[in-house]
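Please examine the sequence and the three-dimensional model shown below.

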Amino acid sequence: MMNFEKLSKIYFSPSGTTEKIVNEVAKNFNMNRENYDLLSFDESKTFTDELVIIGIPVFDGRIPKLACKRLSKIKGTDTKAIVVLNYGNINYGDALLELVELLKENDFHIVGVATTVSQHSQFNEVGSNRPDASDMERINEFSRKVIEKLNSNTQNEIFVSGYKPFPDYKTPDFSVLCDENLCIECMDCVYTCPEEAISELTPTETNLDDCTRCTTCINVCPENARSFGGDTYQSELENAISNSLERNEVEFFL
Ligand SMILES: Cc1cc2nc3c(=O)[nH]c(=O)nc-3n(C[C@H](O)[C@H](O)[C@H](O)COP(=O)(O)O)c2cc1C
Ligand code: SF4
Ligand code: SF4
């Protein structure tokens with residue numbers, strides 16, 4: 001394979017499935033690794049002599065606004081990139097085009113894109129327990145195809161479909177709740193919320209105007225005190241279930 005100094009994993013993964021898939025792809029490459037977790041990494045950086053894997057989830061048919069902002073500061077120099085777009089078995093909307101365009105603009109040379117399916121982080125009944133063993137097999141098949149491509153030094157440009165202008169960002173009407181009886185005021189949610197929507201003074205409350213319902217705090221809370229709820233949650237859950245009756249599979253673009 002071409003000589004790469006190292007493998008850099010760049011991901012935004014509030015509930016951990018995107019990171020898990022990026023790690024599965026990375027296992028196929030025997031190189032030193034570095035991690036850039038966009039939930040906290042907010043710096044300008046240029047990646048040059050390395051191979052990068054970039055993993056981003058779909059939020060309402062777009063790439064998450066904050067991930068987009070942080071990715072915009074990350075540049076390549078015709079740097080080879082493997083791209084994972086991860087979604088919750090409903091659809092990935094125009095996020096695929098949005099992500100691929102952004103990375104091309106930032107001078108990454110995309111060698112392969114996989115759209116992968118994971119448990120829906122807002123509605124765990126959708127895509128439950130994915131990625132499963134069959135997803136992981138497909139993800140490893142994708143990785144092997146990317147390696148073949150890198151070995152043969154194939155130089156093609158990858159095109160994906162989507163519509164522009166991209167739809168507006170949406171925030172659901174449902175809430176993030178916190179059970180005061182369970183909260184031990186450890187402040188983990190306060191320090192990991194990427195939108196600074198939880199204050200140290202009242203960690204059981206969430207500023208719903210700033211909150212994007214990203215799931216980070218729910219996943220980080222050691223007491224399982226935080227959850228989605230509120231008036232519209234049940235009806236949104238039912239909509240999500242009825243929009244995802246069929247199992248979507250991992251797709252490759254090479
Ligand atoms: C705010 C938000 C919006 C989402 N919108 C979509 C969507 O439009 N389509 C979809 O299939 N999944 C959607 N999902 C599900 C996530 O894309 C999916 O669960 C993904 O695995 C989350 O990645 P993570 O585990 O790395 O956080 C959404 C999740 C969140 C939190
Ligand atoms: S408060 Fe909202 S934005 Fe902050 S981590 Fe929780 S879900 Fe994400
Ligand atoms: S992470 Fe959980 S226990 Fe810790 S302050 Fe937040 S809600 Fe309370």
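Aspartate 107 lies in the loop between helix 3 and strand 7, where helices (H or I, at least four residues) and strands (E, at least two) are DSSP runs numbered from the N terminus. The phi angle of aspartate 107 is near 70°, a positive value in a residue other than glycine. Aspartate 107 is partly exposed, with a relative accessible area of 36%; on this scale buried means under 20% relative accessible area, exposed over 50%, and partly exposed in between, with a 1.4 Å probe and protein chains only. The model is predicted: local features need pLDDT of at least 70, side-chain atom pairs count only at pLDDT 80 or more, and totals for chains, interfaces and linings use all residues. Residues are numbered from 1 along each chain as its sequence is written, chains are lettered from A and ligands numbered from 1 in the order in which they are written, and side-chain values use heavy atoms, with hydrogens and water left out.

The loop between helix 3 (95-105) and strand 7 (108-117) also holds asparagine 106. Asparagine 106 is buried, at a relative accessible area of 6%. A polar atom of its side chain lies 3.3 Å from the backbone oxygen of leucine 71, and a polar atom of the asparagine 106 side chain lies 3.1 Å from the backbone oxygen of isoleucine 74. For such pairs, a polar contact is a pair of N or O atoms within 3.5 Å; within protein, one must be able to donate a hydrogen and the other to accept it, and residues adjacent in sequence count only if both atoms are side-chain atoms. Not counting residues up to four places away in sequence, asparagine 106 touches Leu71, Ser72, Ile74, Lys75 and Gly76, contact meaning heavy atoms within 4.5 Å.

The buried residues of helix 3 are Ala95, Leu96, Leu97, Glu98, Leu99, Val100, Leu102 and Leu103. Their cover includes strand 4 (51-57), helix 2 (65-71), strand 6 (79-87), strand 7 and strand 10 (251-253).

The loop between strand 6 and helix 3 contains asparagine 89. Its phi is near 65°, a positive value in a residue other than glycine, and asparagine 89 counts as buried at 4% relative accessibility.

Two cis peptide bonds may be located next. The bond from arginine 130 to proline 131 is cis, with omega near 5°, and proline 131 lies in the loop between strand 7 and helix 4 (133-152). The bond from lysine 164 to proline 165 is cis as well, with omega near 0°; proline 165 is found in the loop between helix 4 and strand 8 (175-178).

Serine 242 and cysteine 68 are 174 residues apart in sequence and 29 Å apart in space, C-alpha to C-alpha.

For the protein as a whole, the secondary structure comes to seven helices and ten strands. The radius of gyration is 18 Å, close to the 18 Å that the globule rule gives for 254 residues, so the protein is as compact as a globular protein of that length; the radius is taken over C-alpha atoms, and the rule is 2.2 Å times the number of residues to the power 0.38. Of the 254 residues, 52% count as buried.
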